[in-house]
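Subject: Model for your files, with notes

Dear colleague,

I am handing over the structure below, and I would be glad if you read the notes beside it.

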Amino acid sequence: QRLAKEINCIYPLYTPTTNFCLTVHEDNLSAISMSESLKFTPRTKHIAIKYHHFRSKVKTTYNPKGDIHIKYISTKKQLADIFTKPVDDTTFFTLRKLLCGW
């Protein structure tokens, strides 16, 4: 969106912009607190700059215009686990039912 605004200053074009907020479901409370915090600690200084850029896009009380809203979800309801972790049969069938409906 920022690039479109910069180009529009030079070449006035019709550039429709969207105003939406992306919701990310996360089951790791440490990751949520780190993304919503402004603090740089010795444990987070090794993290790449691109992740700090992501932090600037998260919607918080100090950044109400953020594009990303991070929401906590229980590990048992985290649908991505079916693709990223080895799960047992009952968890697999439960997540498959939530994901596919069968």
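What follows is a short account of confidence, charged contacts, surface and cysteines.

This is a predicted model, in which local features need pLDDT of at least 70 and side-chain atom pairs count only at pLDDT 80 or more, while totals for chains, interfaces and linings use all residues. Residues are numbered from 1 along each chain as its sequence is written, and side-chain values use heavy atoms, with hydrogens and water left out.

The mean pLDDT (the predictor's confidence in each residue, from 0 to 100) is 82 for the chain, and 91% of the residues score at least 70.

One salt bridge is counted, taking a side-chain nitrogen of Lys or Arg within 4 Å of a carboxyl oxygen of Asp or Glu. It joins Asp 81 and Lys 85 at 3.5 Å, N to O. Asp 81 is buried at 8% relative accessible area, whereas Lys 85 is partly exposed at 42% (buried is under 20%, exposed over 50%, partly exposed in between, with a 1.4 Å probe and protein chains only).

Tyr 11, in the loop between α1 (2–10) and β1 (22–26), is exposed at 56%.

No disulfides (pairs of cysteine sulfur atoms within 2.5 Å) are counted; Cys 9 is exposed at 67%, and Cys 100 is partly exposed at 42%.

Conventions: Helix = DSSP H or I, 4+ residues; strand = E, 2+ residues; numbered from the N terminus.
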